[in-house]
Every structure is written in C-alpha cells, then in structure tokens.
Amino acid sequence: MANSDKCTTCATKRGKMVPGNCAECTGGTSQAMIKLCPTCANGRCVVCKEPLPGGSGDSGGGSSIELGSGPTGLFGC
Ligand SMILES: [Zn+2]
Ligand SMILES: [Zn+2]
C-alpha cells in the first residue's frame, strides 16, 4: 500500500516508530503520531485529519529559519 496518507506538512514530521491507535475506531495504527487508520482516513491526513489535496500540491511556504546566536558564555567543554 502507498504510504502517502499524510499531508505535505505531516509527511515531513517524524514520530516515534511505536504503534498508536485510531481516534475514530480505536483500531491500531503503525505510528503513535498517526491518529487515523487507513480505513478512517478516507482521503484525510492520518496525522492532522486535514483533507488531503487531490493531486496538485501547491504550497508556497516560505520557511524562515533564524539562527539566533546564543548567549556567549562558557558552555561546558
Ligand atoms: Zn479507524
Ligand atoms: Zn497532516
């Protein structure tokens, strides 16, 4: 089976590889972060339950990563 039951956001998330439970039928899921089993997902993201886009994934998200300089002090070795 294709493992593309997550939205583009949740697809990048990495949860613990421990079994979880479906929130709607209390069935088993492969990961704890997955809240919907393939049956209950029904076209939704199994993690955040958001409806998956049907095909065209056009997400223009600008991720601004700021590397803040920490406090200059003596950090261990
Ligand atoms: Zn279910
Ligand atoms: Zn999601």
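**Exercise 1.** How are the donor residues of the zinc ion (ligand 1) spaced in sequence?

*Solution.* Work in the predicted model.
- Step 1. Find the protein donors of the zinc ion (ligand 1): Cys22 (SG), Cys25 (SG), Cys37 (SG) and Cys40 (SG), lying 2.3 Å from the ion.
- Step 2. Read them along the sequence. The spacing is C-x2-C-x11-C-x2-C.

**Exercise 2.** Assign the geometry of the zinc ion (ligand 1).

*Solution.* 
- Step 1. Take the angles. The 4 donor atoms subtend 105 to 116°.
- Step 2. Apply the cut-off. Four donors count as tetrahedral if all angles lie between 85 and 135 degrees.
- Step 3. Conclude. The arrangement is therefore tetrahedral.

**Exercise 3.** Classify cysteine 22 and cysteine 25 as buried, partly exposed or exposed.

*Solution.* 
- Step 1. Recall that buried means under 20% relative accessible area, and exposed over 50%.
- Step 2. Cysteine 22 has 3% relative accessibility, so cysteine 22 is buried.
- Step 3. Cysteine 25 has a relative accessible area of 39%, so cysteine 25 is partly exposed.

**Exercise 4.** Describe the site of the zinc ion (ligand 2).

*Solution.* 
- Step 1. List the donors. Cys7 (SG), Cys10 (SG), Cys45 (SG) and Cys48 (SG) coordinate the ion at 2.2 to 2.3 Å.
- Step 2. Check the angles. They run from 102 to 112° among the 4 donor atoms, and the site is tetrahedral.
- Step 3. Read the spacing: C-x2-C-x34-C-x2-C along the chain.
- Step 4. Cysteine 10 sits in helix 1 (residues 8–11), and cysteine 48 in the segment after helix 2 (38–41). The two are 38 residues apart and link distant parts of the chain.
- Step 5. Cysteine 10 is buried at 1%. Cysteine 48, at 32%, is partly exposed.

How values were computed:
Residues numbered from 1 in each chain as written. Chains lettered and ligands numbered in written order. Predicted model: local features only at pLDDT ≥ 70, side-chain atom pairs only at ≥ 80, totals over all residues. Heavy atoms only, no water. Donors = N, O, S within 2.8 Å, 3.2 Å for Na, K, Ca; no water. Tetrahedral: all angles 85-135°; square planar, octahedral: opposite > 155°, others 65-115°. Helix = DSSP H or I, 4+ residues; strand = E, 2+ residues; numbered from the N terminus. Buried < 20%, exposed > 50% of the residue type's maximum accessible area, 1.4 Å probe, protein only.
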